[in-house]
Amino acid sequence: MIILLLALVFRYLQIGETAAMIGIGLTTLAVTSYLYAFLYKTEGLMETLSIKLGHIACAVAIVGIMFRLMQLPGSATMLHIGAGSLTLGAILVGYQLATNHTSMMKQATTRYLIVLVLTLIIIFL
């Protein structure tokens, strides 16, 4: 995450080539998000589905953000699929949070909403 923040600051200040730093930072974040989908032990089918869907959607959205920042083709498709899946995942997790107050669901909701807001900002820029 620190590499990504430095890359964005360097890009804003137009200091050197930042594509590699953005790629490394966002790829690490996407892989971490994807692996989080398989980290949690859940009890019900709905919890499992919402956690896995949301984290995999986060990974897709983050890769879409990386493609948009690096101006590569296919970014719009990934951003739209990621945003739609994140919205569905956030709704499912919100429903699970209303019925079952676990810290895992609170963390997942926060993570999904942050990535969803960033994705929507990137889509509309």
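The model is a predicted one.

I will start with helix α4, which covers residues 75-99. It has 25 residues, and its first and last C-alpha atoms are 36 Å apart, close to the 36 Å expected at 1.5 Å a residue. The buried residues of α4 are Ser-75, Met-78, Leu-79, Gly-82, Ala-83, Leu-86, Gly-89, Ala-90, Leu-92, Val-93, Gln-96 and Leu-97. As a reminder, an α-helix has 3.6 residues a turn, so residues three or four places apart point the same way.

What covers these buried residues of α4? The cover includes α3, residues 45-69, and α5. Let me take these two neighbours in turn.

First, α3. Helices α3 and α4 pack with their axes 7 Å apart, at an angle of about 150 degrees. Angles over 145 degrees count as roughly antiparallel, and α3 is therefore roughly antiparallel to α4. Their crossing is left-handed. By class, the contact of α3 with α4 has 18 nonpolar, eight polar and two charged residues.

Next, α5, which covers residues 103-124. The axes of α4 and α5 come within 9 Å and cross at roughly 150 degrees, so these two helices are also roughly antiparallel to each other. The crossing of α4 and α5 is left-handed. On the α4 side, the contact residues include Leu-79, Ala-83, Leu-86, Thr-87, Ala-90 and Val-93. On the α5 side, they include Met-105, Ala-108, Tyr-112, Leu-116, Leu-120 and Ile-123. Sorted by class, the contact between α4 and α5 consists of 15 nonpolar, six polar and one charged residues.

Now one residue from that contact. Leu-116 is found in helix α5. Is Leu-116 buried or exposed? Its relative accessibility is 11%, and the cut-off for buried is under 20%, so Leu-116 counts as buried. Leaving aside residues up to four places away in sequence, Leu-116 touches Ala-83, Leu-86 and Thr-87. Of these, Ala-83 and Leu-86 are among the buried residues of α4. For a distance to another part of the chain, take Ile-56, which is 60 residues from Leu-116 in sequence. The C-alpha atoms of Leu-116 and Ile-56 are separated by 13 Å.

Last, helix α2, residues 19-36. Its 18 residues should span 26 Å at 1.5 Å a residue, and its end C-alpha atoms are 26 Å apart, which agrees. In α2, the buried residues are Ile-22, Gly-23, Gly-25, Leu-26, Ala-30 and Ser-33.

Terms used. Residues numbered from 1 in each chain as written. Predicted model: local features only at pLDDT ≥ 70, side-chain atom pairs only at ≥ 80, totals over all residues. Heavy atoms only, no water. Axes fitted to C-alpha atoms, helices over the stretch in contact; angles between N-to-C directions. Helix = DSSP H or I, 4+ residues; strand = E, 2+ residues; numbered from the N terminus. Parallel < 35°, antiparallel > 145°, perpendicular 65-115°, else oblique. Left-handed = near helix turned anticlockwise from the far one by under 90°. Contact = heavy atoms within 4.5 Å. Nonpolar A, V, L, I, M, F, W, Y, C, P; charged D, E, K, R; others polar. Expected span 1.5 Å × (residues − 1). Buried < 20%, exposed > 50% of the residue type's maximum accessible area, 1.4 Å probe, protein only.
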